Amino acid sequence: MKVLVINGVNLNMLGIREPSLYGDKSLAALESLCKSEGEKRNIEVKTFQSNYEGEIVTEIQKAYGVFDGIIINAGAYTHTSVAILDALKAVQIPTVEVHLTDISSREEFRKFSFISLYAEKVIIGKGFDGYVEALEYFKNK
């Protein structure tokens, strides 16, 4: 099984950006965790991060026919990007949406997710453990 983990806008600032919300661990630590937890589950994990919506769309399109699942935390694009939603719908790869924080208890504009209109599962507010839960979901699927 092959899973693509996509992290979007500002997630490259993990460990620096609002540590009281997002924690003090870096994106590199998150990517390392995803790969090691994937190995434990016999899942090959590729990680990708971009601050650019078009690059995220292109990475989703390139996943077609290559990956069995996508784990995505699009950051703020979650709440604004029809383009990312359309890319996910186009490739029809099973998708789990993950958010480090509980977006349902934050600002009003964060409560709506375009991605959740497609995602099979949405995991919020579990920090890095949310990604591990998403990998476990794909293992048991």
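## Where α3 meets α4

In this predicted model, helix α3 uses E53, I56, V57, I60 and Q61 to meet A83, I84, A87, L88 and V91 of helix α4. Sorted by class, the contact of α3 with α4 has eight nonpolar residues, one polar and one charged.

Two packed helices are described by the angle between their axes and the distance between the axes. Here, the axes of α3 (residues 53-62) and α4 (residues 82-91) come within 9 Å and cross at roughly 5 degrees. Angles under 35 degrees count as roughly parallel, so α3 is roughly parallel to α4.

## The sheet

Let's turn to the strands. Five of them form an open sheet in the order β2-β1-β3-β4-β5, and their pairing is parallel. At the edges you will find β2 (44-49) and β5 (121-124), each of which pairs on one side only. On average, neighbouring strands of this sheet are turned by 20 degrees against each other, ignoring direction.

Strands of a sheet pair through backbone hydrogen bonds, either parallel or antiparallel. For a local example, look at β3 (residues 69-73) and β4 (residues 95-99): these strands run parallel and are joined by three bridges. I72 has E97 in β4 as its bridge partner.

## Helices on the sheet

Helix α2 (residues 27-40) packs on the sheet, where α2 touches β1 (2-7) and β2. The direction of α2 makes about 160 degrees with that of β2.

## The largest pocket

If you are browsing the model for open space, the largest pocket holds about 150 Å³. Its lining has 15 residues, and the closest to the pocket centre are R17, Y22, G75, A76 and R110. By class, the lining of the largest pocket divides into six nonpolar, six polar and three charged residues.

Technical notes: Residues numbered from 1 in each chain as written. Predicted model: local features only at pLDDT ≥ 70, side-chain atom pairs only at ≥ 80, totals over all residues. Heavy atoms only, no water. Axes fitted to C-alpha atoms, helices over the stretch in contact; angles between N-to-C directions. Helix = DSSP H or I, 4+ residues; strand = E, 2+ residues; numbered from the N terminus. Parallel < 35°, antiparallel > 145°, perpendicular 65-115°, else oblique. Contact = heavy atoms within 4.5 Å. Nonpolar A, V, L, I, M, F, W, Y, C, P; charged D, E, K, R; others polar. 1 Å grid on protein atoms, 1.4 Å probe; cavity = no way out; pocket = protein on both sides within 12 Å on 5 of 7 lines; lining within 4 Å. Points joined across faces, edges and corners; volume = space filled by probe spheres on them. Pairing = 2+ DSSP bridges.
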